[in-house]
Amino acid sequence: MAGQLSIAKALNEALRKSLESDPKTLLMGEDIGKLGGVFRITDGLQKDFGESRVIDTPLAESGIVGTAIGLALRGYRPVVEIQFDGFVYPAFDQIVSQLAKMHARALGHVKLPVTVRIPYAGGIGAVEHHSESHEAYFAHTAGLRVVSPSNAHDAHWMLRQAIASDDPVIFLEPKRRYWDKGEVGDAADLPLHDARIARGGTDATLIAYGPMVKVCLDAAAAAQEDGRSLEVVDLRSLSPVDFAALEASVKRTGRAIVVHEAPVFLGMGAELAARLTERCFYHLEAPVLRVGGFHAPYPPSRVEEAFLPDLDRVLDAVDRSFAY
Amino acid sequence: MTVKSTARARKKAAPAVPDNLPAGSGAQPELIQLLTPEGERVEHPDYPLTTTPEELRDLYRDLVLVRRFDAEATSLQRQGELGLWASLLGQEAAQVGSGRAMRPGDYAFPTYREHGVAWCRDVDPLNLLGMFRGVNHGGWDPNEKNFHLYTIVIGAQALHATGYAMGITKDGTDDAVIAYFGDGASSQGDVSEAFTFASVYNAPVVFFCQNNQWAISEPTTNQTKIPLYRRASGFGFPGVRVDGNDVLACLAVTRWALDHARSGNGPVLVEAFTYRMGAHTTSDDPTRYRLAEETEAWRAKDPISRLKAHLDREGLADEAFFASVEAKSEELGLRVREGVRSMPDPDPTLIFDHVYAEPHTLVDEERAEYIAYAASFEGGENL
Ligand SMILES: Cc1ncc(C[n+]2csc(CCOP(=O)(O)OP(=O)(O)O)c2C)c(N)n1
């Protein structure tokens with residue numbers, strides 16, 4: 001399989017491999033059959049694996065997740081597709097009240113290997129409810145693993161690992177990166193919950209995940225020209241967070257900036273900043289800064305650029321960090 | 001039209017359809033029709049409708065203008081002026097018929113495809129395009145024309161409509177509400193919950209389901225095993241299936257349903273049996289999941305040519321009338337085209353407007369920070 005693949009294709013291949021290797025794996029979702037999903041992530045899979053393994057569901061998200069829980073109780077490994085980020089909320093109760101908690105309630109006697117795939121976040125000029133970043137809601141809920149790949153290799157392997165996991169996994173796909181291509185290797189080189197140094201650097205650490213990793217890499221490249229060496233850590237897993245990797249990086253650089261699309265207030269960045277402050281207080285040259293969305297609904301597409309962190313906003317935060 | 005008695009309404013709750021239609025037999029349950037695809041007027045005992053020639057011509061004009069508006073929006077999307085468009089092509093009769101059945105005090109809760117209903121509620125068509133262009137999330141005051149904002153989250157508005165109708169009951173007025181949704185939406189929990197609330201509280205709400213046969217790529221058979229209108233009986237209220245391509249039947253049935261609801265008899269489910277002639281939205285490719293023959297078969301039932309055939313057959317409109325409609329349609333097309341092209345991008349500080357009704361320190365702080373940041377760029381001072 002090795003070669004250059006788009007993230008979309010890498011995910012499609014991961015689903016195919018998972019369906020091939022385990023007859024208990026099922027795909028469920030709206031329009032995932034003939035249409036191949038609105039983003040074509042399941043393209044061709046119903047044709048090859050049949051309608052009983054690649055299931056076009058009725059248009060009901062609570063139903064999709066709720067029945068996936070039942071199928072998992074019966075020994076299946078459902079991978080459900082939520083069509084767009086903003087449509088996961090009708091399933092929110094099933095996810096946070098049921099999916100997340102059942103393993104603990106059953107004292108470990110039942111396992112819920114359900115993967116919930118969600119194309120998330122903005123940058124594609126969509127109408128409302130098609131650009132939301134809701135990772136904090138899920139990461140806030142114990143019992144769920146939450147991950148988000150940023151490149152084709154991780155997309156492929158993290159999805160296979162998520163499907164193989166006996167825990168429920170919220171798998172957030174950065175939809176605006178679906179068409180970005182990258183090399184997909186033959187093996188997973190990191191466990192699902194490990195962070196990855198996407199670019200080494202010495203002067204400050206940029207922490208990002210999913211769609212913002214590319215923005216941070218671009219910012220680091222631009223900063224290099226100005227003589228600043230920025231390290232970019234791709235979090236990959238939002239629950240659990242690989243704090244050891246973050247701590248090591250921040251202790252080396254002395255500065256940290258967390259970048260995400262979701263509103264800053266009570267977002268992932270708040271948790272990361274608090275923990276890094278606790279763990280690295282005496283190594284920090286500046287407070288941990290955050291760059292993200294505003295405390296406002298995701299705006300109409302013609303002004304989404306003002307909402308979304310871009311290279312300039314990241315570099316502006318870097319400047320602020322150095323100004324301390 | 002007079003209000004029907006409760007007894008009569010109850011009669012509708014048990015439609016004359018066998019309970020177990022053989023799957024795939026093609027058997028069609030009762031479809032209320034007042035105008036055949038050939039344009040012939042037929043009578044239905046339960047849904048009498050008297051129309052003047054002028055009313056028929058008005059309906060025709062509505063259908064043509066609504067279609068023109070929709071076509072214009074589709075091409076504006078192709079030209080990059082709109083980010084997305086959800087076409088109503090083929091569903092004009094269902095929307096105009098139901099829209100014209102409403103009284104001024106009635107209230108409509110649409111999905112994202114009810115451009116024809118908006119037309120009937122006298123909402124400026126340009127207002128509908130802001131959301132699709134990406135300059136706003138709604139763009140009109142719902143209370144001005146009793147036409148709520150478009151709802152994208154499937155089925156959510158069915159509950160809002162029901163709650164609004166419950167409010168009407170509390171206020172003791174004789175207004176009624178229509179909740180629009182699709183066949184796909186009928187699977188959502190919110191829609192079932194709306195049915196339950198409306199039924200239990202006898203809310204004056206008409207659930208108007210446009211069954212256009214598809215929910216993106218999924219046929220109605222992926223949502224239900226029984227004809228949708230029959231869902232209603234399980235919740236204890238009447239359900240009716242109407243020919244959704246027949247504007248007269250849609251008008252008569254919806255008027256009856258609204259009157260039923262406003263008279264204290266509780267909700268009605270109207271299933272308008274129609275067809276989405278175009279793609280789900282401009283991002284969709286229907287050739288991946290449906291056959292051209294199916295679309296062609298429905299073309300023969302076109303709502304506009306059917307009414308035109310009737311006007312011609314009965315000699316109710318002359319050349320001059322059709323020419324005037326054509327001229328109006330051109331005028332509308334031009335207005336929409338120019339209006340969209342000159343629709344300015346909003347100021348980015350729009351992000352912070354209206355997040356809350358009362359001042360909120362976090363939003364104020366972020367707005368100030370944003371303004372300072374934007375001003376730090378060259379040319380950004382005038383924000
Ligand atoms: C809760 C929710 N899930 C999924 C979607 C994505 N989506 C938008 S329209 C649509 C199909 C709706 O079909 P139907 O209810 O039949 O209405 P139609 O579009 O055919 O008028 C889907 C799945 C959504 N908007 N909201």
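This is a predicted model: local features need pLDDT of at least 70, side-chain atom pairs count only at pLDDT 80 or more; totals for chains, interfaces and linings use all residues.
How many residues apart are A:Arg275 and A:Glu271 in helix 10 of chain A? They sit 4 residues apart in that helix, which spans residues 268-280, so about one helical turn separates them.

## Salt bridges elsewhere

Searching the whole structure turns up 44 salt bridges over all chains. One of them pairs the side chains of B:Asp302 and B:Arg67, at 2.7 Å from N to O. B:Asp302 is in the loop between helix 11 (292-299) and helix 12 (303-314) of chain B, while B:Arg67 belongs to helix 2 (residues 53-78) of chain B, so this pair ties together parts that are 235 residues apart in sequence. The aspartate, B:Asp302, counts as buried at 15% relative accessibility, whereas B:Arg67 is partly exposed at 21%. The cut-off matters here, because buried means under 20% relative accessible area.

Helix 2 of chain B also holds B:Arg68 and B:Glu72, 4 residues apart, or about one turn of the helix. These two form a salt bridge whose closest N and O atoms are 3.1 Å apart, and both residues are buried. Over in chain A, salt bridges with shared partners link A:Asp154, A:Arg196, A:Asp234 and A:Arg236 into one network.

## The ligand site

Which chains supply the residues around the ligand? Chains A and B both do, so the site is shared between chains. In total, 20 residues surround the ligand, and the closest are A:Glu61, B:Tyr112, B:Arg113, B:Ile152 and B:Gly184.

A side-chain N or O atom of B:Asp183 is 2.9 Å from an oxygen atom of the ligand. B:Ala185 uses a backbone N or O atom instead, 2.9 Å from a ligand oxygen. For B:His280, the distance from a side-chain N or O atom to an oxygen atom of the ligand is 3.4 Å. Of the 580 Å² of accessible area that the ligand has on its own, the protein covers 95%.

A:Glu231 is in strand 11 (residues 230-234) of chain A. Is this glutamate buried or exposed? With a relative accessible area of 3%, A:Glu231 is buried. Its side chain makes a polar contact of 2.5 Å with the side chain of A:Arg252. Beyond its neighbours within four places in sequence, A:Glu231 is in contact with residues including A:Ile197, A:Arg199, A:Thr205, A:Leu206 and A:Ser249.

A:Ala121 is in the loop between strand 5 and helix 6 (135-139) of chain A, and at 0% relative accessibility this alanine counts as buried. Setting aside neighbours within four places in sequence, its contacts include A:Asp85, A:His130, A:Lys175, A:Pro211 and A:Glu261. A:Leu59, 62 residues away in sequence, is 22 Å from A:Ala121, C-alpha to C-alpha.

A few loop residues of chain A are worth a look. A:Ser239 and A:Pro240 are joined by a cis peptide bond, with omega about 0 degrees; A:Pro240 is in the loop between strand 12 (237-239) and helix 9 (243-253). Then there are residues other than glycine with positive phi. A:Arg40 has phi near 65 degrees, lies between strand 2 (25-29) and helix 2 (45-49) of chain A, and is partly exposed at 25%. A:Leu107 has phi near 50 degrees; this leucine lies in the loop between helix 5 (102-105) and strand 5 (115-120) and counts as exposed, at 72% relative accessibility.

A:Tyr76 is in the loop between helix 3 (61-73) and strand 4 (77-81) of chain A and is partly exposed at 26%. Leaving out neighbours within four places, this tyrosine contacts A:Lys24, A:Leu26, A:Leu71 and A:Pro113. A:Asp22 is 54 residues from A:Tyr76 along the chain, with their C-alpha atoms separated by 9.6 Å.

## A nonpolar surface patch

On the surface of chain B, B:Phe197, B:Val200 and B:Tyr201 form a nonpolar patch with about 320 Å² of accessible area together. B:Tyr201 is in the loop between helix 8 (189-200) and strand 3 (205-211), and is partly exposed with a relative accessible area of 45%.

Definitions and conventions
Residues are numbered from 1 along each chain as its sequence is written. Chains are lettered from A and ligands numbered from 1 in the order in which they are written. Side-chain values use heavy atoms; hydrogens and water are left out. Patches are made of residues with over 30% relative accessible area and no salt bridge: like charges are joined within 9 Å, nonpolar side chains (Val, Leu, Ile, Met, Phe, Trp, Tyr) within 5 Å. Accessible areas come from the Shrake-Rupley method with a 1.4 Å probe; for residues, only the protein chains shown count as cover. A salt bridge is a side-chain nitrogen of Lys or Arg within 4 Å of a carboxyl oxygen of Asp or Glu. Helices (H or I, at least four residues) and strands (E, at least two) are DSSP runs, numbered from the N terminus. Buried means under 20% relative accessible area, exposed over 50%, partly exposed in between (1.4 Å probe, protein chains only). Contact means heavy atoms within 4.5 Å. A residue is near a molecule or strand if one of its heavy atoms lies within 4 Å of it. A polar contact is a pair of N or O atoms within 3.5 Å; within protein, one must be able to donate a hydrogen and the other to accept it, and residues adjacent in sequence count only if both atoms are side-chain atoms.
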